[in-house]
Amino acid sequence: MSISRRFVPSLQELRALDAVVRHKSISAAARELNVSQPTISYHIKQLEEKWETKLFRSKGRGLEQTELVEDILSEVSSINQSIENLSYMLASQTAQKPLAVSIAPSLASIMLVPRLERFQEAHPNIPIRISATNRYVKFSEEKIDLALRLLPKPDDDLAPSLLLPKPNERMRVVCSPYYLRKLTGTDLAPRSANLSLLENADFIHEDEAFHWQKYLTSFWPDYTSSMTQKLIFNNADMILQSAIAGRGLAILRDLYVFDALAKGDLVEPFAPTLACQRAFQFVLPDNAMPTQAAWNFIGWLCEEIKAMDGTTG
């Protein structure tokens, strides 16, 4: 046997050889590699001609490798495994990584999740991973591309921008239409109720927040009734759902109530609204440029927020 040193088996030939050795069958090797039996036979024949030796002999209804194959089998298997590992590594590096967005849980469930289908329709090639949390995130360690956080805003009113899409949110008093009829005995036009209705109202409170106290101090300083705290939640989503269920009056920021007001699940009985002291702002990593996918998401969400603004005056 004289093997030409110039001859370098192809990857297809090595894969065919390895598969036939493992299955001891041309047809089984063909099924594994998803090719025809003649293709496998052709690769084996090419190797045998180049190496001028038989690689397999018949044994019963199967095949048995010859001594040469026994000698080179570990090298062949190692080469095939290295090629497979390289293929997986390249695939993982070149695949579209999900856009990782960290967002406050209430905003995610109330405003973002119902709209995500529209983002995916507009950007079908951008997979997205949502991390709903209020805590500080370490962008690189947690592989987060951008965050949307409720942060203090300057005292002066600001114009909307890409990173600050709604800087001048208001806190609005809302309740279900059923609850308002229960309080008044009739249907009222939006924002037409007298604040005296608060005398007999049930208040839904946010834990460790003072929204109601600020509202009454600002718009009805003569309010003297006791504000019994029967319902207290630490999550705006639960406050919203409780108000929709007719459990009382809630005071929530624009982005939490615009959808429910537009659908008629909530009404706004009073005209006065309270300025929010904080605003949702996009936060980007300091040590990396935002990807195009991140800018696509930011621009899309800004447009969604702008559209929400038109659902109520």
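Leaving aside its neighbours within four places in sequence, which residues is serine 102 in contact with? The legends below refer to a predicted model, and the opening view takes up this question.

**View A. Serine 102 and its surroundings.** Serine 102 belongs to strand E3, which covers residues 99-103. Apart from neighbours within four places in sequence, the residues in contact with serine 102 are Ser131, Thr133, Val137, Ile144, Leu146, Ala147, Leu148 and Arg149. With arginine 149 there is a polar contact from side chain to side chain, at 2.6 Å. Serine 102 has a relative accessible area of 0%, so this residue is buried.

**View B. The domains of the protein chain.** The domain assignment divides the chain into domain 1 (11-93), domain 2 (99-168 + 278-310) and domain 3 (170-275). Between the C-alpha centres of domain 1 and domain 3 there is a distance of 74 Å.

View C. A disulfide is a covalent bond that joins the sulfur atoms of two cysteines. How many disulfides does the structure hold? The number is zero. For cysteine 276, the closest cysteine sulfur is that of cysteine 302, and it lies 17 Å away, which is too far for a bond. Cysteine 302 is likewise in no disulfide, its nearest cysteine sulfur being that of cysteine 276. Cysteine 276 counts as buried because its relative accessibility is 3%. Cysteine 302 has a relative accessibility of 11%, so it too counts as buried.

**View D. The largest cavity.** Empty space is found by rolling a probe the size of a water molecule over the atoms. The structure has one cavity of 30 Å³ or more. The volume of the largest cavity is about 70 Å³. Its lining is made up of Ile204, His205, Glu206, Ala209, Phe210, His211, Trp212, Gln213, Ile239 and Ile251. Strand E7 (204-206) and helix H9 (211-219) each contribute at least two residues to this lining.

**View E. The largest pocket.** The largest pocket holds about 910 Å³ of space. It is lined by 36 residues, of which Asn134, Leu150, Glu206, Arg253 and Arg278 are the closest to its centre. Which element gives the most to the lining of the largest pocket? That element is E5, with four residues. At least two lining residues come from each of helix H5 (105-112), strand E5 (146-152), H9, strand E9 (250-253), strand E10 (274-275) and strand E11 (278-283). Glu206 is also one of the residues that line the largest cavity.

Methods. Residues are numbered from 1 along each chain as its sequence is written. This is a predicted model: local features need pLDDT of at least 70, side-chain atom pairs count only at pLDDT 80 or more; totals for chains, interfaces and linings use all residues. Side-chain values use heavy atoms; hydrogens and water are left out. Domain bounds come from an automatic or database domain assignment. Buried means under 20% relative accessible area, exposed over 50%, partly exposed in between (1.4 Å probe, protein chains only). A polar contact is a pair of N or O atoms within 3.5 Å; within protein, one must be able to donate a hydrogen and the other to accept it, and residues adjacent in sequence count only if both atoms are side-chain atoms. Contact means heavy atoms within 4.5 Å. A disulfide is a pair of cysteine sulfur atoms within 2.5 Å. On a 1 Å grid over the protein atoms alone, a cavity is a set of points where a 1.4 Å probe fits but cannot get out, and a pocket is an open set with protein on both sides within 12 Å along at least five of seven lines; lining residues have an atom within 4 Å of a point. Grid points are joined across faces, edges and corners, and a volume is the space filled by probe spheres set on the points.
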